[in-house]
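User: I'm new to this structure and would like to learn how to read it. Could you take me through some features one at a time?

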Amino acid sequence: MSNLIASQKVMKHYLSALLTEDAEADAVVQEEQKKQQLNALLAQAVVSAAEEKKVDVKPPVVLPTAVATETDALATLKAKFAAAEQSQHLQQRDVPVAERLTLAPPNETPKPSIAAVSPVEKDYRQGKFQALFFDVAGLKVAVPLKELGGIHQIAKINSLIGKPDWFKGVMLYREQKINIVDTARWVMPEKYDEDFQQKLNYQYVIMLGNSNWGLCCETLVNTFVLEQDDVKWREAEGKRPWMAGLIKKHMCVLLDVDAMIDLLNRGLDISA
């Protein structure tokens with residue numbers, strides 16, 4: 001019992017670290033947005049100042065005398081051009097580089113900026129959805145029911161040579177060959193040692209969608225109905241693609257099944 005409690009404390013600390021890291025990332029994004037807003041305000045102030053200077057620049061007053069010639073008109077024109085050129089140079093010098101790149105000539109259609117690719121919209125991202133919760137070495141994991149391919153009891157597993165450490169082997173279920181994943185080793189490779197392995201008691205296989213991949217688990221917890229606000233969704237692409245989000249109330253990882261299948265097909269673990 002003491003070992004189980006200790007394992008659960010380790011898992012809670014592990015998930016808390018994920019939440020903290022995501023919160024710090026959000027803070028960095030907010031700070032960057034504030035800097036961009038400040039740069040925009042500074043740019044507007046510089047442009048306004050330049051326009052005022054441009055308005056204040058007046059050509060020399062030429063007294064209506066007989067000596068006023070074409071040379072005087074040319075000098076006046078040069079003075080106006082120099083003032084306009086100085087104002088434009090001042091704007092380009094003071095406007096931040098990031099904002100200069102987004103400016104386009106008045107008669108030219110701005111080119112669309114390259115935005116970050118947003119995650120593919122899932123069916124369960126609309127309103128309430130159900131998820132199956134299961135336990136692996138004290139770590140609670142959830143998978144949306146719409147992406148659950150089935151649940152099987154663990155049977156004989158035939159190991160294969162030349163596979164990653166987390167690949168336990170192939171299990172036959174009727175006529176289907178299931179690729180079995182040692183979930184604890186895949187999710188927590190840094191904690192996986194001989195003592196850790198001996199405490200594992202895998203009993204079930206959680207099938208991922210329509211694939212042949214199955215995750216080992218120790219116990220089936222329950223199914224719960226979740227609201228969208230119950231999950232801290234992973235919005236940024238590229239970071240922990242296997243994780244759709246964190247279920248805050250249950251301190252639980254919600255799997256992105258499609259992304260995890262892709263990682264498994266490529267032989268990658270959580271470090272990807």
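Predicted model: local features only at pLDDT ≥ 70, side-chain atom pairs only at ≥ 80, totals over all residues.

User: How many strands form the open sheet, and in what order?

Analyst: Six strands form the open sheet, and reading across it gives β9-β1-β2-β12-β11-β10, with mixed pairing. At the edges are β9 (219-226) and β10 (231-233), each of which pairs on one side only. From one strand to the next, the twist averages 30 degrees.

User: Now the aromatic rings. How many aromatic pairs are found in the whole structure?

Analyst: The search finds nine aromatic pairs. To read one, look at the distance between ring centres and the angle between planes; planes under 30 degrees apart count as stacked and over 60 as edge-to-face, with the rest tilted. Take Trp166 and Trp213: their ring centres are 6.1 Å apart and their planes lie at 50 degrees, so this pair is tilted.

User: Where in the chain do Trp166 and Trp213 lie?

Analyst: Trp166 is in the loop between β4 (157-158) and β5 (167-173), while Trp213 belongs to strand β8 (residues 213-217).

User: Are Trp166 and Trp213 buried or exposed?

Analyst: Both Trp166 and Trp213 are buried.

User: Which residues do ring pairs link into a cluster?

Analyst: The cluster consists of Tyr124, Phe129 and Trp233, linked by ring pairs. Trp233 also has a charge over its ring: the charged end of Arg125 sits there, 3.8 Å from the ring centre. Look also at Phe167, where the charged end of Lys163 sits over the ring, 5.5 Å from its centre.

User: Last topic: the space inside. How much space lies in the largest cavity?

Analyst: About 60 Å³ lies in the largest cavity, and the structure holds one cavity of 30 Å³ or more. To read a cavity, look at the residues around it. Its lining includes Phe134, Leu139, Val141, Thr183, Val187 and Trp242.

User: Which elements give two or more residues to that lining?

Analyst: Those are β2 (139-144), α4 (183-187) and β12.

How values were computed. Residues numbered from 1 in each chain as written. Heavy atoms only, no water. Phe/Tyr/Trp six-rings, centres within 6.5 Å; stacked < 30°, edge-to-face > 60°. Helix = DSSP H or I, 4+ residues; strand = E, 2+ residues; numbered from the N terminus. Buried < 20%, exposed > 50% of the residue type's maximum accessible area, 1.4 Å probe, protein only. Lys NZ or Arg CZ within 6 Å of the ring centre and 35° of its normal. Pairing = 2+ DSSP bridges. Axes fitted to C-alpha atoms, helices over the stretch in contact; angles between N-to-C directions. 1 Å grid on protein atoms, 1.4 Å probe; cavity = no way out; pocket = protein on both sides within 12 Å on 5 of 7 lines; lining within 4 Å. Points joined across faces, edges and corners; volume = space filled by probe spheres on them.
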